[in-house]
Amino acid sequence: MYPAVALRRAAAWLLRGGAGAPRFASSAALPGLGAPRSSVRGWQGREASGYLGIWGGPAAGAGAGGVAWWFRCAASSVSKPGLLMEQLLVGGGRSFATGAAPEEVSFSPAASEADGSQPEKPAATSDKNMLGDRTLKLISGSSYLPHPDKEETGGEDAHFIWDEQAIGIADGVGGWASLGIDAGQYARDIMSNAVTAIEEEPKDSIDLTRVLEKAHSSTTVKGSSTACIIALTDQGIQALSLGDSGFIVIRDGCTLFRSPIQQHDFNTPYQLETGNSSDLPSAAQVFKVPVASGDVIVAGTDGLFDNLYNNEITAVVVHATRAGLEPQATAQKIAALARQRAQDTNRQTPFSSAAQEAGHRYYGGKLDDITVVVSYITAFGTSPQNAD
């Protein structure tokens, strides 16, 4: 490591008061990658007005695919973009963020060539850009597979689907279990508080920065977690991400956008915690991505993105949409493939690639909780399978 980089990381760590505990992959320590994670966690399900919250492991009758429900209610208007950026921040999608909070990033035809983006065809040549002022909605479904050692307690991930406008995911940091603290309660609470904050926002103009700040200040239990929230707006989608949970946007079988992760170092993601001793909501990355009917959002915790490359996720989405599958079934298929890769010790994965780049001898997948939320972006009056 270059001395300057080491000094920046050390300074950032000291400024946080030593916050930013490493995240570990299973209840048994990975060789050379840190101490074990605990499996202590309870399960709680909650359904309230206007949203569906899923805060843990399989409910009765959910079957081998785990919890997977979806919910429809309302939506927000989205104008069709004329030009869109493609292949921006794709590939591994990993970044080691060490400096100040990143500025808001928006994607538009004016983006410079230096960022590696490539514009799509002009609106006049694309059928997808003919919707004019018609409004769009998110039709969403989810699948949650806890770590095999945590199935009885439900794992440490949490997520929500709110109306036809917003989704969110969080990954609780298992290291708290060593202190006798439920490692998943913080993730469940911050997602619940995020929904409450969203309900207080104007439906046509949800400010996710304000939502995360309210959710963070309202969460008082001990613990920490990542956070990723995505909302449909009249400009496209607005997304906010802190840590190593994230999302990709898929169009016509290609990865349109992949959110980068934030890590202080390998396997040490940014994380929210009660109080001001950890990374703050202001450190979250904010993205604005123009979208079109027929696009697909796949959001997930690191259990997804550590085990599947973008092209593998995209391939499942292409096959599922061609087969006319609903978002729930698509999410289940993606989660099942991620679990298969996590248990494969003979295949290179995004996690093993990152581990090797960090100097560790590691190969294969990373067994972990896996949360997948799939959202089809659909025009009103159009079924998800016929969104194009």
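1. In helix α6 (residues 327-342), the buried residues are Pro 327, Thr 330, Ala 331, Ile 334, Ala 335, Leu 337, Ala 338, Arg 339, Arg 341 and Ala 342. Buried here means under 20% relative accessible area, with exposed over 50% and partly exposed in between (1.4 Å probe, protein chains only). Helices (H or I, at least four residues) and strands (E, at least two) are DSSP runs, numbered from the N terminus.

2. A word on the source: this is a predicted model, where local features need pLDDT of at least 70 and side-chain atom pairs count only at pLDDT 80 or more, while totals for chains, interfaces and linings use all residues. Residues are numbered from 1 along each chain as its sequence is written, and side-chain values use heavy atoms, leaving out hydrogens and water.

3. Back to α6: its buried residues pack against β6 (136-145), β18 (296-300), α4 (302-305), α5 (310-322) and β19 (370-379), with contact meaning heavy atoms within 4.5 Å. The length checks out too: the 16 residues should span 22 Å at 1.5 Å a residue, and the end C-alpha atoms are 22 Å apart. That expected span is 1.5 Å times one less than the number of residues.

4. How do α5 and α6 meet? Glu 312, Ile 313, Val 316, Val 317 and Ala 320 of α5 touch Thr 330, Lys 333, Ile 334, Leu 337 and Arg 341 of α6. The two axes come within 10 Å and cross at roughly 145°; axes are lines fitted to C-alpha atoms, for helices over the stretch in contact, with angles from 0 to 180 degrees between N-to-C directions.

5. Strand β7 (residues 157-162) has six of its six residues buried, so it is largely enclosed by the rest of the structure. Asp 157, His 159 and Ile 161 cover one side, and Ala 158, Phe 160 and Trp 162 the other. Six bridges join β7 to the antiparallel β8 (residues 166-171), and His 159 has Ile 169 as its bridge partner. Strands count as paired if DSSP finds at least two bridges between them.

6. Two loop residues deserve a look. Asp 163 has a positive phi of about 50° although it is not a glycine, and sits in the loop between β7 and β8; Asp 163 is buried at 6% relative accessible area. Asn 267, also not a glycine, has a positive phi of about 65° and lies in the loop between β14 (263-265) and β15 (268-269). Asn 267 is buried as well, at 7%.
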